[in-house]
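Reader: Could you take me through how the two chains meet, and on what grounds each term is used?

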2 protein chains.
Amino acid sequence: MGELDSIFNPGSVAVVGASRTPGKLGYEILKNIIDAGFRGKIYPVNPKADEIMGLKCYHSISEIPEPVDLAVIVIPARFVPDTVKEAVQKGVKGFVVISGGFREVGGEGVELERRLVRAVREGGARLIGPNCQGINNPHVGLCATWPLSTRRGPVAVVSQSGTVAAFMATGLEGEGIGMSKFAALGNKADVDEVDMLNYLADDPDTEVVALYLEGTSRGRELMEALRRCASRKPVVVIKAGRTEAGAEAVASHTGTLAGSAEVYEAVFRQTGAVAVDTLEEFFDAAKALAAFKPPKGPRVMVITSSGGSGILAADAIESRGMELAKLSEDVLSRLREELPYFCVIRNPLDLTGSAYAELYDKALEITKDHDGIDSYILIFGDPIPGAFEVIEKHLRETEKPILVAYLGGGDIEVEERRKFYEAGIPVYPTPERAVVALYNLWRSRKG
Amino acid sequence: MGELDSIFNPGSVAVVGASRTPGKLGYEILKNIIDAGFRGKIYPVNPKADEIMGLKCYHSISEIPEPVDLAVIVIPARFVPDTVKEAVQKGVKGFVVISGGFREVGGEGVELERRLVRAVREGGARLIGPNCQGINNPHVGLCATWPLSTRRGPVAVVSQSGTVAAFMATGLEGEGIGMSKFAALGNKADVDEVDMLNYLADDPDTEVVALYLEGTSRGRELMEALRRCASRKPVVVIKAGRTEAGAEAVASHTGTLAGSAEVYEAVFRQTGAVAVDTLEEFFDAAKALAAFKPPKGPRVMVITSSGGSGILAADAIESRGMELAKLSEDVLSRLREELPYFCVIRNPLDLTGSAYAELYDKALEITKDHDGIDSYILIFGDPIPGAFEVIEKHLRETEKPILVAYLGGGDIEVEERRKFYEAGIPVYPTPERAVVALYNLWRSRKG
């Protein structure tokens, strides 16, 4: 059991500052833990309430008659250090402090954070936050954050920024990919990205780590942690503060040094982390890494119903340093024989606007054992029902990644997209986004 | 009246190949024209039916007792040239040939296309297509394409690719921006991008032109048409086939030469067209251009509830060659006085996770007359109700563009987003996409 298990896998959780008022964080957090179906015991703590959401409410944490592993704290900053002291005396080993008003506001907040950390350390406990958006472990129903996410899956989200974390959680939930762990680190007064990477490297539920980073105070340890984690599972990382303007904003956001963009780039490259440029690319890459193994090489087969989308895919493939797979004479002649006359037999294989799902099936069938193809971009650029079933079937039969773009398909697209989401199979809104996700998948290969 | 008005603004339309079978193009097209509420007369033509969707059906186009301006044709290619001959004898001046099976399939298709064009030209008529996804003019309810789009707005979509056109139409419809004209040009046997640009330059309903281009056979005329059109209204263009792989795919898609990427880039730059890299950027830029005038300069004010998102925005601003606005001492001290203690007073202005809509209102109020600010990026990175009302109010009061990103806001975000869509005010899903749209808006300025 890792030392962060008191936080991510507690037997019981106290919500200090639990509230009966919808809209208040102390309400949302307690409600989300209940709604996510937390497996352990839940103790609301609030000096002014006897019951909240049907649960007995305690007036202080020491009043709770049974052991508490984790305390999630949502009370004003000035009360936090003493509350934590009381909690560690009770034996609490894990803290998540959502409340703001610490180092980030300067002045007495700095001293409050110092006292908070001291209390945690003296108790041999660990702390996430303060000034953070909480944690989640959907595998045990512990959604001590917002919005509510319950889908279990392979992606761990680690982020200084609560909004970035919530953006990822929302997407992974909505598109059926799911999360293994979620940690919005906030001020990182105790647990930071290094601790998280080390924990997640050993976490069997985590197969992909998605890390948003503004800076670090532990450069060497970060490098080691990245290397160790990335040697076991893909780590996709977005570094904010890569420009001068961004770096200045980092300094004022969490008081950390953004550091040189070049140094970070080198670190990511050397440790095998996959660094991306935008929030959308970050999400798209995590999605692809959650679903597919990296392709064995750069040779991509494009199958499309839209000639134009196929060209945009070809442009994106070449400009990212991958290439269109060359088809053997044998494969080409089989395609010519078995596909209707209106198809354009090459790569991109253009099934044209007359395409229907069975043609994609046939095209995959004919090409799938071809050694010259490492991966697929499949573009449904029309209202094509049955797209999902074809992809789902072939993903059961091949290890080659098949990245799907669906666009321009009206109501049928909406319906097909829903099926992809339910099954947790990635689908992208444009050819370029599918290609860039494939590119990041390819970059995640070892060696 | 422009010569393409017989196509985009006809008094009457015949749908040749109209069908009673849902799923068939001849059904979908007729249904969409009816459902879009076309103002003129609609004549289904089908030799085997007497009535379709409650309309009297004619067995041939010459049977129609009244004049017909536009014929939308959805019958097998081999019947098309003779049908067009018959129609021009009846006085039809506009044709949209949806059917494929012409030049793009080679062989006898090439000859069919030649005969089609000859018939059109001999009749002094104009033709869009063949092998295309039709046209739309929501201002008169003429949705001779799919999916159904009815929202009137300022954006004209012109595209060789039907899927790209449909992708744009779906987005502009769904996000409440709306279209002025829509033309999926297909094989461009007669009307091409040059004709469309010249027509749209004079079209009072069109304020923005979004052009997807694979290549042209009229380089010099394209340059002139781009220059003329872009001098009157912004033209955003995506050129497919910019790489070797893409250019090869272009050649096999529509038989046009993609041409050198560098030459096209120079043409776009010299003519004042705004060239973009991806389909998503194409849509995002059209959205911004539809709603805002270009900012007067590169100085951007960022207001955010999410520190992390603010940093990502700052990075994107600087890496696109824009800059964070410098705030005057006067503005800074007013912000310090009037905003709560927890706000971080700088640019990006971080209202923090404790933000609520009134703080954005106040921040806009204090900064809006500051000469040093040319535009705004507003980031709602939490569940913040009332975001829409604040933006809507300030857009009525200022000419400075305000580009909004909303993310990480759960159900409240969904609800707010809906309000933006209903009002047709652009909202972006990530800070970077809002910034890139702003950048393209900035590039669209004259001189």
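**Where the chains meet**

Author: Gladly. Between chain B and chain A there are 20 residue pairs in polar contact, both at pLDDT 80 or more; such a contact is a pair of N or O atoms within 3.5 Å, one able to donate a hydrogen and the other to accept it, and residues adjacent in sequence count only if both atoms are side-chain atoms. This is a predicted model, in which local features need pLDDT of at least 70, side-chain atom pairs count only at pLDDT 80 or more, and totals for chains, interfaces and linings use all residues. Residues are numbered from 1 along each chain, chains are lettered from A in the order written, and side-chain values use heavy atoms, without hydrogens and water.

Reader: What makes A:E280 and B:R433 a salt bridge?

Author: The term asks for a side-chain nitrogen of Lys or Arg within 4 Å of a carboxyl oxygen of Asp or Glu. Here the N to O distance is 2.8 Å, so the pair qualifies under that rule. Across the interface, the rule finds six salt bridges.

Reader: What is the buried area between them?

Author: About 3900 Å², 63% of it on carbon and sulfur atoms; this is the accessible area (1.4 Å probe) lost on being put together, summed over both parts.

Note on methods
Buried area is the accessible area (1.4 Å probe) that two parts lose on being put together, summed over both.
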